[in-house]
Amino acid sequence: MPALQLYGAPCSLYTAKVRSALRKQRVTFREYFASHPEYRERILPAAQNQRIPVVEFPDGAIVQDSAEILDHMANLGLLGTAPSGALRVVELFIEAYADRAMLRPAMHYRWNFRAENEAFIIGEFARLVARGDTAKGLDTGRMLAGRMAAYLPPLGITESSIPAIEAQYLALLDRLDRHFSAAPYLLGGSPSRADYGLMGPLHAHLGRDPFPAALMQSKAPLVYRWTERMNAGEDTSPEFPDTAPGFAASDTLRAVLDLMAEEFGPELRETLKLFANWAAEHADLAAGSPVSPKGVDQPSFGPIRFEIQGSTVEVMSAGHSLWMLQRAQDAFAALTEAEKAEARDLLSAGGVAALLDEKMPRRLDRQGNKLSVA
Ligand SMILES: N[C@@H](CCC(=O)N[C@@H](CS)C(=O)NCC(=O)O)C(=O)O
């Protein structure tokens, strides 16, 4: 097969997720910035969406959205063995959590530690756009970095929420570090979408930007080692010479899941309430219509409030997360009763078990890379 093309960037969260899957599965690929002429001329018109990553597959498919890229890899037999039963639901839940809830620590530790991170991240942005013109690249890099502060409050990152975001992240590092002393991957002996998803925030931002990378190395060295393992093509790892490939739940995984579910369950629940109101108001919208009449690809249903580590945070709800919840719900619906009981047990914190078989007010879809109703 000809090499697969990945349009992304080293500092991009969702690119790190896809790149890790490609490397772990030993898929040969070439990576380009979105400033490459091929992207403007051929890829963007097909993707109809400015976001990265985009993958052009050997079968000609041009796919944006990291979850759909992993799906297409799976369809082509390029994603390896997937977990089954309750763990299939768990991997989709962790992927959804990583894509959304972990934007909070990822963006906080990148943009609120200017003295430590700024030169590095401006250079990263500059290379993304430079195409050989370093001075122009640096100007654009500074301009892009300057805009980022505006992205923080809608994600719930404010002076008052920062202590809770940091406490939650440090607790997660602690539990993940314990888990990775017992297993090479989230779900045991083989990598899954749970690992690829977490590589987005834990590698692209938190494992690479100067301040959070040092934090991870000092507080959670085994999580840092996992980021290295997740960017490598080998199946084996010297820390786990005898671990057999495969998937299993464990007590250390449960501890990680409890923390994630306590945070993300309430966020999903509040988002679902706003979506129910929206769906009632738009009951006559034809199937296939975009949720946003303005063409916003990942629209919000409005602000929501929930608690992280006992503090109330306000964030803009993410419709895209409900599309990802729906994927976990579909996987849950396909389980046997015994497997459903296991999934409910693993995801009992934060009301997630109840969300797994709650009917969506209206099914969601993605048409032309935009959130739509089915
Ligand atoms: N749901 C998308 C999100 C992709 C995304 O937001 N990518 C960021 C870079 S990490 C981006 O392209 N942002 C530019 C924009 O929002 O226009 C995915 O999973 O691929």
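Biologist: Into which domains is the protein divided?

Modeller: The model is predicted, and its domain bounds come from an automatic or database assignment. The protein is divided into domain 1 (4–75), domain 2 (117–151) and domain 3 (255–373).

Biologist: How many residues of domain 1 are in contact with domain 3?

Modeller: The C-alpha centres of domain 1 and domain 3 lie 25 Å apart. On the domain 3 side, 5 residues take part in the contact. The side of domain 1 that touches domain 3 has 2 nonpolar, 3 polar and 1 charged residues. The number in contact on the domain 1 side is 6.

Biologist: In what order do the 4 strands of the open sheet lie?

Modeller: The edge strands are β2 (29–32) and β4 (62–64), each of which pairs on one side only. The pairing in the sheet is mixed, and neighbouring strands are turned by 20° against each other on average, direction ignored. The order is β2-β1-β3-β4.

Biologist: Which helix lies across β1, β2, β3 and β4?

Modeller: The helix spans residues 37–47 and runs at about 75° to β4. The helix that lies across these strands is α2.

Biologist: Are α4 and α13 roughly parallel or roughly antiparallel to each other?

Modeller: Two packed helices are described by the angle between their axes and the distance between the axes. Helix α4 (residues 86–100) and helix α13 (residues 319–333) pack with their axes 8 Å apart, at an angle of about 175°. Angles over 145 degrees count as roughly antiparallel. The two helices, α4 and α13, are therefore roughly antiparallel.

Biologist: Which elements give two or more residues to the shell around the ligand?

Modeller: Among the residues that surround the ligand are Leu-13, Tyr-14, Ser-66, Ala-67, Asp-99 and His-320. By class, the shell has 5 nonpolar, 4 polar and 3 charged residues. The elements that give two or more residues are α1 (13–24) and α3 (66–75).

Key. Residues are numbered from 1 along each chain as its sequence is written. This is a predicted model: local features need pLDDT of at least 70, side-chain atom pairs count only at pLDDT 80 or more; totals for chains, interfaces and linings use all residues. Two residues are in contact if their C-beta atoms, placed from the backbone, lie within 7 Å. Ala, Val, Leu, Ile, Met, Phe, Trp, Tyr, Cys and Pro count as nonpolar, Asp, Glu, Lys and Arg as charged, and the others, Gly among them, as polar. A residue is near a molecule or strand if its C-beta atom, placed from the backbone, lies within 6 Å of it. Axes are lines fitted to C-alpha atoms, for helices over the stretch in contact, and angles run from 0 to 180 degrees between N-to-C directions. Angles under 35 degrees count as roughly parallel, over 145 as roughly antiparallel, 65 to 115 as roughly perpendicular and the rest as oblique. Two strands pair if DSSP finds at least two bridges between them.
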